[in-house]
Amino acid sequence: MMKIGPIELESPFVVSPMAGMTDTAFRRLVKRQGGCGLVVSEMVSSEGLVRGIDRTLEYAEYTEEERPVSIQIFGGEPAKMAEAARVVEQMGANIVDVNMGCPVPKIAKHNAGCSLMREPAHAAEIIAAMSRAVKIPVTVKMRKGWDEGELNAGELAKRVEDAGAKAIAIHGRTAKQSYSGNADWDFVTEVAKTVSIPVFGSGDCIEPEDIIARMKSGVSGVYVGRGVLRNPWILAQARDIMEGREARKISDEDRGQFLLDYMNLLLVENVDEEAGFRHTPGPAGQQAIRPAAIGRERWVINKLRALCTWYTKGFEGGAQFRIGVNSAKSISELHDLIEKFFLLRPAGLLAR
């Protein structure tokens, strides 16, 4: 067991935040499989969070089932980020995380995301302001640097630690690399030696054995992103291996049922939930605006399309299945496609 400030994590493995992918329904299902010590929300605009913009509020939602949970925010103004951190704390979240790693231009150009790495002193001011504003731990997710000429994660790590950060996650690529090339885990582990707070590494963990290998390199924990989209059981399997057991086997039926469960959770969000189960920003009872019934089905189909891009990658017949999902016009059609592909064929035909 490890800690981020006073927050205890039963496992050092974390579901990494991925825009458009790691919504509350997906995080809940991964948590149910076991092995997950922490989930992190999709990144949330500090401006939108403070102003109460409906779409932003939806990104920040989480449920009791996900705890401990970290809400990741982005922005470039210390006062605004501190105010957003207070909103996160008022929501009851366990941790507030700062995105200093997003390489997307529309984020970076607003002095947020990875562009903050180019101004370490300013980045530290943001962490200091947030740390003064809230009692929950403030953490930072960053990259190796802006480009190969600006590999300053080590400097930034020390600065944010001094400013009050309780943990750091480092993706072993630069902003310019985005997701190309390979993650530099040697760099990450060298930075981990220079600070006293937990350092998590991130990048290129596709198999559970990859996670275990990274843990042996000297980091405190591992964030897993695309690997979880391909295999929601990867953290549970890594936990099995870490504790001396054989990694659990996942059947075709398991994989099909996960998609059906995900679809069903998306369809019934905010329906028949106990009071206090779902946490949203804003005044009591305030909810993000949801799509109308017909529009909601279309939204759910689009969510499944996005997940299936990763979920069936490398599987026999996966491309044909994705074509079917991408052309599906109704929930019932999507349900039938999932059943036929995963549940109604001889076992073992989905081998990669």
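Student: What should I know about the numbering and the model before we start?

Tutor: Residues are numbered from 1 along each chain as its sequence is written, and side-chain values use heavy atoms, with hydrogens and water left out. Since the model is predicted, local features need pLDDT of at least 70 and side-chain atom pairs count only at pLDDT 80 or more, while totals for chains, interfaces and linings use all residues.

Student: Okay, what makes lysine 80 and glutamate 47 a salt bridge?

Tutor: The term asks for a side-chain nitrogen of Lys or Arg within 4 Å of a carboxyl oxygen of Asp or Glu. Here the closest N and O atoms are 3.5 Å apart, so the pair qualifies. Lysine 80 sits in helix 4 (residues 78–90) and glutamate 47 in helix 2 (residues 46–51), so the bridge ties together parts that are 33 residues apart in sequence. By the way, helices here are DSSP runs of H or I with at least four residues, strands are E runs of at least two, and both are numbered from the N terminus. A search of the whole structure turns up 21 salt bridges.

Student: What makes the biggest opening a pocket, and how much space lies in the largest pocket?

Tutor: On a 1 Å grid over the protein atoms alone, a pocket is an open set of points with protein on both sides within 12 Å along at least five of seven lines; lining residues have an atom within 4 Å of a point. About 950 Å³ of space lies in the largest pocket. Of the 48 lining residues, Pro17, Met18, Ala19, Gly20 and Tyr179 are the closest to its centre. Helix 3 (54–60) supplies at least two lining residues, and its four residues are the largest share.

Student: Which residues make up the largest nonpolar core, and what makes it a core?

Tutor: A nonpolar core is a set of buried Ala, Val, Leu, Ile, Met, Phe, Trp, Tyr and Cys residues joined through side-chain atoms within 4.5 Å. The largest has 95 residues, and Ile73, Met142 and Leu235 touch the most other members. A second, separate core of 12 residues includes Met2, Leu9, Val14 and Tyr223.

Student: Why is arginine 28 called buried, and what does it touch?

Tutor: Its relative accessible area is 6%, so arginine 28 falls under the 20% limit. Arginine 28 lies in helix 1. Contact means heavy atoms within 4.5 Å, and, not counting residues up to four places away in sequence, the partners of arginine 28 include Glu65, Glu66 and Glu273.

Student: What makes the backbone at serine 178 and proline 68 worth a look?

Tutor: Serine 178 has a phi near 55°, a positive value in a residue other than glycine. Serine 178 lies in the loop between strand 10 and helix 8 and is partly exposed at 28%. Aspartate 204 is not a glycine either, yet has a positive phi of about 65°. As for proline 68, a cis peptide bond joins it to arginine 67, with omega about -10°. Proline 68 is in the loop between strand 6 (62–63) and strand 7.

Definitions and conventions:
On a 1 Å grid over the protein atoms alone, a cavity is a set of points where a 1.4 Å probe fits but cannot get out, and a pocket is an open set with protein on both sides within 12 Å along at least five of seven lines; lining residues have an atom within 4 Å of a point. Grid points are joined across faces, edges and corners, and a volume is the space filled by probe spheres set on the points. Buried means under 20% relative accessible area, exposed over 50%, partly exposed in between (1.4 Å probe, protein chains only).
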